[in-house]
Amino acid sequence: MQILKVENISKTYGTKKSAKEYIALRRISFEVKEGEFIGVMGASGSGKTTLLNILGSIDKPTTGRYIMDGKEIATLNKNQLAEHRIKNIGFIFQDYNLLETMTLKENIILPLALKGYEANVMEDKLFQIAQDLGITEVLGKYPYEVSGGEQQRAAACRALITNPKMILADEPTGNLDSKSGKDLLDLLTFINKEYKATILLVTHDVFAASYCQKIMFIRDGEIYSELYAGDSKKKFFDAIIEVMSVLGGEGK
Amino acid sequence: MTLRTLAFRNIKQNFKKYIMYFFSLSFSIFTAYSFLALMQNEYVIMAFTYDARYRSMLTGFGIIIMVFVMFFLLSSNNSFIKARKKEISTYALFGMTNGKIGKLLFLETMIVGSIALVIGIGVGIFFSKLIAMILLDISLASFTGSIAFTMDPKAIYITVILFIFIFCVMGLSGLRVINKFELVDLFKADKVSEGKSEGSMILLILSLVSIGAGYYLAASGDPQMVVISSIPVLVLVIFGTYLFFWGGLPKVLNLIKRNKNNYYKGANLIATSAFSHRMKSIGSVMATIAVLSAVATTAIATGFTLYKNIENNTYDIIGYDMYFYGGQEELLDKVYAAFEKHDTKMTESYTTQRYKSVPKIETVTIGNAEYISSERDYFRVYSQSDYNKLVALSKSHLKPVHINHGEAMYTYPYMHQDIESAMLGQLLTFPDKEVSITAALRSGIVSFGALHTLILSDDDFEALLKKGHISEVDEKGSAYDQVTVLNYENPLKSGELAHELTQILSGNTGSFRVAYNHYIEALETFGLVCFIGFFMSAVFMLMTASLLYFKQIMAAEEERHQYRMLRKIGIAGQLEKKIIVKRLLPVFLIPLLVGIVHSMFAMKAADTIVFSNMIPVDNSYFTVLAFSAVMYGAYGIVYGIFYFITKAQYARIVR
């Protein structure tokens, strides 16, 4: 089942008059189906973060249509957008973005709390997910009291707890050491399989990308090429490196 | 780039942050200058400073204001520096020594300070006339002189010296703040906890017990008890307040957090956790503000209540616009002439006999002292109708009475709570008649020189008078002086008439009272107390409120990224506003409420000591509270204004 569809979206920064116009995205179109684990790769400045912001409805495209959950996102007003974000999208950020005034537990249930869930319903959901993601022990601690890996797992819990249509992960391994990074990627795969969550992972790390089922490469605001994972992870990894070297990205 | 150009550039770029800082500096300077200029004003010198009592009152007040201004400036300066932590750490990162940074900040303070000095003094000069007029107007009823628009060089000179000294202290204290910065904080500034405080049940209970004990002592009905325990009350309440904000309130927040169904509602979760996270850093400030608010509201409420009751009080003591006894034959004509001369209409007058009687009565002792005995004491006696006539003429609160046959009402001029119970039921034995005291009333307006007064029913009075048990002549057979009471138009504004009446009566009569004289004397004392109350409250109010503003703006800078994050999760404008309200409102509301509750108990103590004598209604505390409520309301409005300014600024920063 298709959950989102992007048609010819472009994003331009700066006004046309100022001549400083900068085109971040050019006429991009694609679809995402339920349960997919998609990677978006590209060099710095290729437009991948812009794309992520638009998909996350934090930013709006200059032109083009973006349909999710049967709704044209560009037509929503601010409040509807916020509601849309909280209902349909779960975010995982490079710097975790946990509120340091709250315990991990409070951080995780925050999206549900904002939706007005009952306390016991929230706790039931929380303990299920926290157990799966292995952070039950540290739920009562504050973000600055736990490791980066645990913070990022808490962030993943927060993204997952609302059962969003799509999880957007922006360089989630960027701040983690390689062990924690690998753990997190395994976790995302687990989430993808067990929770049937649709995940869109933005990264420039080839290793992280190799966990995806499909990768879109972006260059100068356009989709340059796409790659699908085959049976062999090694082959997929090599294929990604090949594309990245052509793109001029910084493959490992 | 020299330090000086950097300093100028910083001010320009931090202009928005500097506005409030600048405002509070200017306001402090304005306060100091206004006060100093007031002390130099010739009329104020004439009216007050010749009297040692008033002078020491004003000086003490001046010192309190200056100490507070200093405390306020130091603490807002430190908050301001902390709000600029990132910028300052960046200088340090690029190799600027702390000494140099301190110098840079000192330069900035001096630049902003000099502008604030000019503006503060300028505004002070502009308003000096107004302030002097307010003081003289509320404390001198008859003040008619015109106050010149003055620029006082001495006040300017002292203000400038004083503030340059304060700026230097601020520079040093700023340096201390900078020295405490850890460079590494620059990179994790937002991640580090400011020190959340879990609070403790023991502290919570201890603080409530301490405050409660203070309240209990303050609410005691015995004036002497209240006076004796005033210091313990202050210590208990202040100690309890600090404990409450240090350990009690965090515990309360913790308890709130336990109620998950309420706490886990989106906005509550964010706001409560953010507030409890700041508790440690803001606890002392909130406690200080609560205590200062209590002082300020009490001062202003006391002043206002006193001021509003001076007139009532005058009539409750004197009773009429004027009375005198003795020498009527010659004096009345002169008095009437004086009224004519000053073109003042006399509205009412009444002359009556001062009767006396010495019935037998059991000796009454109160405490260890003999209060009344037949051997030493006599009673002034009125018939019911004569008494009612006097009461009707008087401007006091007294009401006409009805006395039954065989009964009597006893009135006494002293304030002592045991007299009434001691005298009620006492039997007065006349040679052929017994009368019992069935009512007692504290009032001096019918005594006219006597310590004990009786009001009898008309027939009892007639009967006793006939038999000579009540007499109008003394042992030697000469008649007692009659008493004349008078009311006239504009009694409290006719200063010259009162002066002339005083001259006519003085020395030529048994005794006399003119309400105007009493009123003016009370006005001078209470007017000054009242003015000091107003001035101090205004200063405390504005400064504590802006202190909270600074603390919250500083917090906003640090909480900014949280809101950015919340927006990504999906928080819309409406909810964000709600969160900000829930986050900021307690910061303003809690100290204000604590301060007002403290003040209500302080007013209860003030009522016991002072007002219950001044305001002659059954429960004077309610009257006092009604007057106080006006001032609490005013205080609340000012805090409300600051709250809205803070909220707007906070919302702007986190947007």
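Predicted model: local features only at pLDDT ≥ 70, side-chain atom pairs only at ≥ 80, totals over all residues.
Trainee: Why is B:Ile134 called partly exposed?

Mentor: Its relative accessibility is 39%. Buried means under 20% and exposed means over 50%, so B:Ile134 counts as partly exposed at 39%. You will find B:Ile134 in helix H6 of chain B, residues 98-139.

Trainee: Let's move to chain A. What makes E2 and E5 the edge strands?

Mentor: The order of the open sheet in chain A is E2-E1-E4-E5, with antiparallel pairing. Strand E2 (22-33) and strand E5 (71-72) each pair on one side only.

Trainee: How do you know that E1 and E4 of chain A pair?

Mentor: Pairing needs at least two bridges, and 5 bridges join strand E1 (residues 2-13) to strand E4 (residues 63-68). Therefore E1 and E4 of chain A count as paired. As one example, A:Val6 has A:Tyr66 in E4(A) as its bridge partner.

Trainee: And why is helix H1 of chain A described as mostly covered?

Mentor: Of its 8 residues, 6 are buried, including A:Leu51, A:Leu52 and A:Ile54. Buried means under 20% relative accessible area. H1(A), residues 48-55, lies across E1, E2 and E4 of chain A, and runs at about 125° to E1(A).

Definitions and conventions:
Residues numbered from 1 in each chain as written. Chains lettered and ligands numbered in written order. Heavy atoms only, no water. Helix = DSSP H or I, 4+ residues; strand = E, 2+ residues; numbered from the N terminus. Buried < 20%, exposed > 50% of the residue type's maximum accessible area, 1.4 Å probe, protein only. Contact = heavy atoms within 4.5 Å. Axes fitted to C-alpha atoms, helices over the stretch in contact; angles between N-to-C directions.
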